[in-house]
Amino acid sequence: MSTSRKVAVVTGSNKGIGLAIVKSLLEKFDGDVFLTARNSAKGKTAVEKLKALGFKPQFHQLDVVDQNSVDTFRDYIKHTYGGLDILVNNAGVYADKSLPLGDQAEQNVGVNYFGTLKVSEALLPLLRANARVVNLSSSAGRLKRIPSTDLQAEFKDPNLTIEKLNNMMKQYIKAAKENNHMAEGWGDNAYVVSKVGLSALTLIQQRLFDRESPKRNISANFVHPGAVITDMNQNGVLQVDDGAKSALFAVFQPNLKGKYVWYDCRIIDWDGPLPQ
């Protein structure tokens, strides 16, 4: 076990923004960088492309919604390194809008929120002192994208727990399936709800880190990568390297804690107006 070797992990990183984050970490981070992917073949292909550029990425299969996959990866990191220094939760989906909203809700919330939570529950206990956690949210993850002011108040309650947030996410999926989502104030966009949930989760994580004793001095931040051209967004205007900038900013800013980082690296109010 190499307890002295630093390690960074990027979920869902065989392509797009995740791959760009891995590449930048390989350039700037003094330690091992893990490219992870649900599909091992695609992940290994991405690793070979980076190796052809002279980099030395590590690879491990990781499906964020598969508990066995998550547990296997956790055990590998624990036994090989003894801890973790950087976790970038990038894995996410944008469900097909032609699907019934209930199905969109299950897919978006299942991966973007519950998948990130599953990985976090497994890996956050392994974080070493001064570790960094970055969750890839979105402009859709702004609190005001939820129409109901009552729901907004629940999301930003400083006493909100992960258990309560989980129940809210399950409540939304149920409402979407029963076509009660508008009446209950959730709005009509399942991706928005999944990313608002992820943003709220990040703030809870930071509060929990701050309450630790002894403190590990860990930071958790969430970022909007911008309108990047990816498989999920063919209408984007930014390149993947641009989309990686906010996440890398959050990784390398030692005093940034519980903040929402815009694509141009401005710190904005999660519950404020859309930045200009």
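## Helix packing and nonpolar cores

In α1, I21, S24, L25 and K28 meet A247, L248, V251 and F252 of α9, where contact means heavy atoms within 4.5 Å. This is a predicted model, in which local features need pLDDT of at least 70 and side-chain atom pairs count only at pLDDT 80 or more, while totals for chains, interfaces and linings use all residues. Residues are numbered from 1 along each chain as its sequence is written, and side-chain values use heavy atoms, leaving out hydrogens and water.

By class, the contact of α1 with α9 has six nonpolar, one polar and one charged residues. α1 (residues 16-28) and α9 (residues 245-252) pack at an angle of about 40°, their axes 10 Å apart.

Now to the cores, each a set of buried Ala, Val, Leu, Ile, Met, Phe, Trp, Tyr and Cys residues joined through side-chain atoms within 4.5 Å; buried means under 20% relative accessible area with a 1.4 Å probe, protein chains only. The largest has 34 residues, and I146, F155, L165, M169, Y172, W186 and W270 touch the most other members.

α7 gives the most, with 10 residues. Not counting residues up to four places away in sequence, W270 touches residues including F155, V196, A200, L203, F222 and Y260. A second, separate core of 29 residues includes V88, L136, V223 and L238.

Conventions:
Buried < 20%, exposed > 50% of the residue type's maximum accessible area, 1.4 Å probe, protein only. Helix = DSSP H or I, 4+ residues; strand = E, 2+ residues; numbered from the N terminus. Axes fitted to C-alpha atoms, helices over the stretch in contact; angles between N-to-C directions. Nonpolar A, V, L, I, M, F, W, Y, C, P; charged D, E, K, R; others polar.
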